[in-house]
Every structure is written in structure tokens, then in C-alpha cells.
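Visitor: I would like to know what stands behind the labels. Please show me the model.

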Amino acid sequence: MSSGLTHRQLQQQRVGQRLHTLAAHVHAPKLLCEGRLMRMVGMKLEAEGCDGAIGERCRVVSGSTVVDTEIVGFAEGRLVLMPEGDVSGLQLGARVQPLGERATVAVDEQLFGRVIDGAGRYLDGGPAPHCSHSVALRAKALNPLDRRPIREPLDVGVRAINAFLTMGKGQRLGLFAGSGVGKSTLLGMMTRHTEADVIVVGLVGERGREVREFIEDILGPQGLARAIVVATPADYPPLMRVHGAWRATAIAEYFRDQGRDVLLLMDSLTRFAQAQREIGLAVGEPPVSKGYPPSVFSLLPNLVERAGNGPEGSITAVYTVLVEGDDHNDPIADAARAILDGHIVLSRQVADSGLFPAIDLEASVSRAMPGIADEGQQDLARALKELYSVYRQNRDLISIGAYEHGSDPKIDQALRAHEPLRQIIRQPQHQKVDMAQSLGDLQNTARHLGNGTAAG
């Protein structure tokens, strides 16, 4: 042959050229086709002429209006998008540009003391820092076998919780309450008084006025200095409210992976579920339980399971659950109880009696407490909670004077215990009661009532 190459050598050369071409094609930047906005119903946008995967982001451009969106579904060859911001100004035929990426979260130590929204914008008016790390907005939960068991108590500075409902590092706890019974104030107490290294607060779906009140009045400068607040008020689009919960969780995960003990406070899990309900119904999901589509009940454990103990650090999470009309059988309340490691119930009846925090000891339980509290403390807590329950069960007879003293020794003891139990629960919001003092008060109250078992 004129080239001096054998037939076999020519074949090998051609194969090599093809492989080189294929490799270049694999490593070439992905070409993203621009589409057009063809339909908008409510908050749901539909685009055709482009493609992308669920969870990827697209940018919709209509003149000077730019709206970032997320792909949440498909319908008849079109992408179904949900906007992250205001859609005012969008027109039919607007350009839809797939970004080929999923949302990430910029995070490092510079976030302490800052207030951001679900998109990472700074709401406090301060300069935006250049964070040196970024993590996925929706990361996968830890492998169950990589989770350390809950063995260490977490001091939250609230006597009733430390003594009767001891929380452990890595526990996920629900705070069940109706409106106006003090759940936000109790969260503020935990934020100021806890021994955790990092506090992340997620305010999801709250009124805008309440966001500022929580930061300035309930959290205060002392609490904010060691906290990171992610706020997505009720007037934000549903996708942004959902992203607020994911962003707060992603920030907590970053610090946990550094070996720190994080306290994650989410207010509220109910508003997160309601935002996802809006998204699910908009894309055509059928409602299955009081208007909630199936995606809500699959998303709740996805969010909650990202908290907990890691190989090094921990995320102890408290999720508030709004029981509308004080209905504790609400679908979200039921689902939350099944996936959380215990619940604290705030009672309107207790709040109306003038007791704060309005914790209903009879209805509250910490599933992690048996593994982190010694037998002495558990025996004392169990005995005092029993007296509390006996009083509640016979309160009507006592209040109308139908009970005759001496008829039942247990009721007599519950009557003597009523006021001391109220005193051990009562705590001003700016007062800190650490774990040692909480256990001491528990032991002194039990001894005063004739239950002398020592709490170690």
C-alpha cells in the first residue's frame, strides 16, 4: 500500500479515531435547547421545545422579566415548571432556558447571625458574603447503618423538657400546638439556652410580621449571634417555601458533617406540607386525605430523615406541627407522629390557666429518653407524670367540690402535687435552667411529695 500501512493497521487507526471522536463527544458541554412558555394556570407553567430532569432548574425570560423555576413534572410532551418568584410580567411565548443544574446552597461560617430566604438571598440588609463551600439543596439521607445511636442528652435550657422529656443529640422531635399557645416563644428559649454548637432556624410559611418579631423579640441579639435563620414567609410562592425547609436542612447537614452538634428548629412542618400540597395539586396529583396529595406524605420522611446523628456530628431537630382547631388527628399530625422520635404537646387549656411553657406532660413523650436518662430520673419523671395524669382525670370532680378528701389516697397525693408540678413546669422565657438544675428540681419536688428515689 502507498501509505506503507497494512490493512490491520488501517483498521486499528480508524477504530482509534472513532474512539477519540466518541470521547470528545462525551466530554463536550451539553447543548441545552431553548424552549417557549406555552401555558400558565395558577402557579403552574408549561414549556415545550426543551427538556430536563425532575428537580433541574430553568430560567424563563420575558423582556426584562426573569423568573427562575424548577421542573416538577411532565405533561403531554411539555415540561411542568413551578416558579421560585413573582410571575408578574411573563408573556405567552417567553423564552425558557434549561440550566442543566440542580439548586445548591452556599454555606460556611459567615452565615452566623444572618437571615436568608429560600433562594439564599439575604433579607437582613447586610452585604452578601462569598461562601467558600456549597452543598446540594436536596441531598440524600444518611445510610441507616452510618447513624450513631442516640446516647447523649442535649441540654435545651428548659426545665420541663430536660427533666420530663429529655432530648438526645440526633433526636427528631415534634412540637404539636394550636395557634397562639407559645410554640414560637418556646423555640426561642431553646435557641438562646441550648448547649448545641450551631442553631439553624427555618421559618416556613409564617406571616411576615411574625418573622421580624421572632428574630428581634423572641430570638434576640444573643440568640441570633449563634444562629442562622432561613425565612420564607406565607406570601412567597409554594416552591420557595418548600426550598426554605430544604435550605435550612442542608445548612444543618454541612455543620453536622464538620463534627458539630446542630439544633435545627423548623417552624412549621405543617406549612411545609401545605406548600407541597399546592405544588402537587397544581401538577395534577389527586387529593387522598383532606386535600393532601400523595407526594406530601412521601416528602415528609424525606425531609425528616436528613436530620439525626452522623458518623461524627449530630442534628437534633424540633419540628413544629400546627394542629388546626386543636385537632390532633389531622393527617399531617398523624404522619408526623409516625416518623418522629417523640412529641411535645402544648395545650391551650394549660396556656389559658396562665402556665408557660404550656406543656401537657400527660400527652407528651420522648422516645429517646429511655436510652439517655438513668433509671432514677425515669422513675421520678414517671411517678410525677402519673400524679399529673390523676389530677387531670379527676379535675372536674375536684373543681365542683364533689371529691371528699381521704376517699382515694392517690387523688389526695395528686392534689398535693398539683401546685409543685406547675412550679416545676413554669419558667420565664429569658430564664435558663440547665440540665443539672433541672434534675435537682425534679428530685426536690419528688422528695417533697414523698417519692424519694434519687435521680443520678
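Visitor: Which residue in S5 is the bridge partner of Ile71?

Guide: Leu81. The model is predicted, so local features need pLDDT of at least 70 and side-chain atom pairs 80 or more, while totals for chains, interfaces and linings use all residues. Residues are numbered from 1 along each chain, and side-chain values use heavy atoms, without hydrogens and water.

Visitor: What makes S4 and S5 a pair?

Guide: Two strands pair if DSSP finds at least two bridges between them. Strand S4 (residues 65-75) and S5 have six, in the antiparallel sense.

Visitor: Why is S5 called largely enclosed?

Guide: Buried means under 20% relative accessible area, exposed over 50%, partly exposed in between (1.4 Å probe, protein chains only). Five of the six residues of S5 are buried, so the rest of the structure largely encloses it.

Visitor: What makes S13 enclosed?

Guide: Seven of the seven residues of strand S13 (residues 261-267) are buried, so this strand too is largely enclosed. Both faces are covered. Asp261, Leu263, Leu265 and Asp267 are buried on one side, and Val262, Leu264 and Met266 on the other.

Visitor: Which strands does S13 pair with in parallel?

Guide: Strand S11 (residues 198-204) runs parallel to S13 and is joined by six bridges. Ile199 stands opposite Leu263 there. Strand S15 (residues 314-322) is also parallel to S13, again through six bridges. Val262 has Ile315 of S15 as its bridge partner.

Visitor: Why is H6 called oblique to H7?

Guide: The axes of helix H6 (residues 269-282) and helix H7 (residues 294-304) come within 9 Å and cross at roughly 135°. That angle makes H6 oblique to H7: under 35 degrees is roughly parallel, over 145 roughly antiparallel, 65 to 115 roughly perpendicular, and the rest oblique.

Visitor: Which residues make the contact of H6 and H7?

Guide: H6 gives Leu269, Phe272, Ala273, Gln276, Arg277 and Gly280. H7 gives Ser295, Val296, Leu299, Leu300 and Leu303. Contact means heavy atoms within 4.5 Å.

Visitor: How many residues of each class are in the contact of H6 with H7?

Guide: Seven are nonpolar, three polar and one charged. Ala, Val, Leu, Ile, Met, Phe, Trp, Tyr, Cys and Pro count as nonpolar, Asp, Glu, Lys and Arg as charged, and the others, Gly among them, as polar.

Visitor: And how many helices and strands are in the protein chain?

Guide: There are 14 helices and 17 strands. Of the 456 residues, 51% count as buried.

Key
Helices (H or I, at least four residues) and strands (E, at least two) are DSSP runs, numbered from the N terminus. Axes are lines fitted to C-alpha atoms, for helices over the stretch in contact, and angles run from 0 to 180 degrees between N-to-C directions.
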